[in-house]
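Hello,

I am handing over the structure we talked about. Please look it over, then read my notes below.

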Amino acid sequence: MHRILLIEDDSDLRRTLRAALEVEGFLVKTASSAADGTAQLRQSIKEASIDVVLLDLGLPDNDGSTVLTEARHHTNLPVIIISAMHEEARRIQLLDAGADDYLTKPFSIPELFARIRVALRHRGTMVSAAKVKYSHGNVMVDLEARQVSRAGAEIKLTPTEWNLLSRLVRQAGRVITHRQLLADIWGPEYVEHTHYLRLYMSQLRAKLEEDPALPVMLLSDTGVGYRLAESR
Amino acid sequence: MNNFSALARPSPIRGFLPWIAVWTLIALFQQQPPSNLALLLILASALSAFWWRLWQVLAASAASVLAFNYLLISPRGRLAVELREDAMLLFTMLGVSITIALLMSRMRQLATQASENAARAEQLREISERYRTAASPTNLASTLQTALVELFNCPCVVLLNGEVAAASSKPSRNDRDALTLVQKHGQELGPATGRYESFPGWVVPIRGTTTVLGAALVGAEGNPSKREHARALCSLTGSTLERHIAQQAAEQARGEEKSQSLRNALLASIAHDHRTPLATILGAASSITEQHDRLTADQRQALAQTIVDECEQLIDITENTLQLARFDTGKIELREDWQSAEELIGSAVQRSRRRYPAAEIRLSSSRQLPLFRGDGTLLVQLLDNLVNNAVQHAGRFGPIEVGAHLADRHLHLTVADQGPPISAELQKRMFQSFYRGGKLSPGQRGAGLGLAVCSAIATVHRGSLVYTAAQPNGKRFTLRLPINDEPLSLPME
């Protein structure tokens with residue numbers, strides 16, 4: 001039984017989401033402001049009574065960054081942010097500050113469940129040692145053995161391609177912002193060099209996707225970053 | 001008149017010359033009849049009037065006449081006059097000399113006056129010219145202040161709208177009070193004005209056509225013609241200031257009118273474009289709640305799906321409306337980054353296949369297209385709008401094709417369908433923001449809205465949105481983007 005803390009100020013949306021989540025078997029606690037949310041979060045962390053946080057960025061008393069800071073300070077509890085459609089800058093800012101994933105209003109319930117599922121599987125931003133094997137369709141990745149194969153045949157990747165792929169695998173299903181990828185793979189001085197990413201993602205797709213023009217595994221969240229499809 | 005002024009500059013020394021010359025001549029020709037010699041004296045008087053002041057000429061003429069009488073009129077050596085003709089001669093001589101002297105003096109006065117007037121008119125014209133291009137009231141104030149200081153040769157303070165706008169030095173409390181009083185009442189004060197005659201300065205109001213806008217304080221020198229000129233300067237300043245104020249008010253009104261008209265367009269758009277999907281949603285939802293038990297599971301599912309579809313429509317329309325309003329008011333911030341055309345096209349196709357599973361949507365993109373600078377979110381919106389329009393209005397005519405290729409140094413992102421072409425009339429208006437009026441169905445209005453946003457996005461990327469009709473049927477929308485020629489630094493592997 002998974003437990004969700006939903007921090008959302010609009011009462012109709014809160015009601016609808018709570019209903020949908022409870023149908024799927026979640027235990028839902030709600031808060032309607034950043035202050036209320038932070039207080040409940042602190043309590044829940046102490047009691048270890050929450051598994052994932054859903055945080056709306058449009059709260060009346062704060063843009064959500066205090067809740068995120070509170071969460072990251074004490075724990076690596078997964079936090080999914082809900083933002084409005086044209087707020088890329090804030091969304092990316094919070095993703096870089098430690099949020100795990102995001103949803104854009106208006107979103108559908110299936111999208112919500114998909115994000116929650118991935119977040120629960122990863123349970124926070126720390127690299128999980130267990131995520132060493134990934135597979136999607138006929139592509140198999142083994143992080144320990146440093147091998148990737150497609151339809152049984154081994155694929156040779158350059159070192160940078162490998163770094164990029166393994167970074168994505170470690171957070172499979174979750175978005176990683178452009179900045180995070182560039183910083184992790186090339187270094188902090190390269191966070192503006194998005195063209196590197198475009199180039200290398202294109203190379204990876206060419207080597208691993210059935211149809212590189214219509215990728216099903218190496219996905220792009222335009223304006224935010226890249227995500228690897230969930231393991232299947 | 002200017003030449004005359006130049007010629008007739010006062011010069012005591014030159015004034016003597018005619019007299020010296022003439023008396024020399026008289027001495028030489030003293031045997032001539034007096035009447036002839038008298039004419040020479042009159043000539044001297046006239047000539048000396050060029051360079052001497054009036055009193056000097058009169059004195060010299062009188063002295064000459066007496067000397068003439070004494071020396072040349074019988075009985076010589078005495079001031080008495082024997083013959084009546086001689087008396088008449090002397091009298092006439094003096095009379096003509098005086099007349100000529102007076103005339104010359106008057107001419108000189110008029111010439112000076114005229115050149116002064118010309119200078120003042122020139123100054124007014126020059127200041128008026130400067131005011132025409134002056135940007136702010138502070139400029140006006142300092143120009144006026146400089147002119148008044150020059151005119152009266154003393155410090156000056158200019159007050160505009162109750163605030164000291166320009167001053168030679170910090171004005172005293174008294175000065176400020178006097179200026180404020182004059183601005184309030186619109187009447188001059190100071191010596192020779194009839195109000196506060198003991199005040200150590202002359203204060204003149206700066207008037208526009210209907211109200212008093214300020215006041216100027218200068219020294220108490222009472223020269224009427226200078227004061228007249230000062231009044232003219234102040235009046236000019238006042239009307240210029242008034243014109244500025246009126247222009248600002250007009251601009252503000254225009255700005256308000258523009259935002260009002262945008263507001264109206266938004267309201268109209270919301271009223272028209274949001275009502276229909278909402279009506280459909282309400283219909284389907286109320287059907288589910290009211291007729292729940294009488295509907296089959298399939299019927300309920302279909303109604304629920306309708307609600308989902310209409311909501312997605314409504315989301316599109318709302319987003320497009322908001323974006324258009326943002327573009328119209330200049331509130332769009334372009335967030336540029338390196339983009340891959342293949343990636344953008346690919347994800348657009350995948351999104352639209354998910355949304356319209358029944359439609360046939362094809363991808364035809366060249367490989368190895370160069371990266372380009374653009375705002376990913378806006379480009380996604382553009383592609384989605386074009387594909388949504390194509391699927392909704394032309395989906396039943398054949399497959400939709402989304403593609404990207406390079407041609408004449410531009411990147412072309414294209415969305416093509418097999419539906420009917422757009423009429424010429426509609427083509428003219430289709431990229432306009434908030435095209436109002438005309439007989440459009442809600443679907444067409446929604447499509448028009450989407451196209452207007454696409455057009456704005458194209459413009460903000462320094463590109464263009466092009467419509468082409470295919471033969472015999474079908475159409476294509478192309479986003480043409482200029483390609484950056486500079487080579488990208490690539491990472492070392």
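Here is what I found, starting with the interface.

This is a predicted model, so local features need pLDDT of at least 70 and side-chain atom pairs count only at pLDDT 80 or more, while totals for chains, interfaces and linings use all residues. Residues are numbered from 1 along each chain as its sequence is written, chains are lettered from A and ligands numbered from 1 in the order written, and side-chain values use heavy atoms, without hydrogens and water.

**Interface.** Chain A gives 28 residues to the contact and chain B gives 29 (contact: heavy atoms within 4.5 Å). The buried area is about 2,300 Å², with 55% from carbon and sulfur atoms (accessible area, 1.4 Å probe, that two parts lose on being put together, summed over both). Three salt bridges cross the interface (a side-chain nitrogen of Lys or Arg within 4 Å of a carboxyl oxygen of Asp or Glu). One of them joins Arg205(A) and Glu343(B), with the closest N and O atoms 3.1 Å apart.

On the side of chain A that touches chain B, helix 4 (88–96), helix 6 (159–170) and helix 8 (194–208) each give two or more residues (helices are DSSP runs, H or I, of at least four residues; strands are E, at least two; both are numbered from the N terminus). Helix 8 of chain A has the largest share, eight residues.

**Strands in chain B.** Strand 6 (361–365) and strand 8 (400–407) pair in the parallel sense over five bridges (pairing needs at least two DSSP bridges). Ser365(B) has Ala404(B) as its bridge partner. Strand 8 also pairs with strand 9 (410–417), antiparallel, over seven bridges. These two strands form a hairpin with two residues between them. Asp408(B), in the turn, has a positive phi of about 35 degrees.

Best wishes
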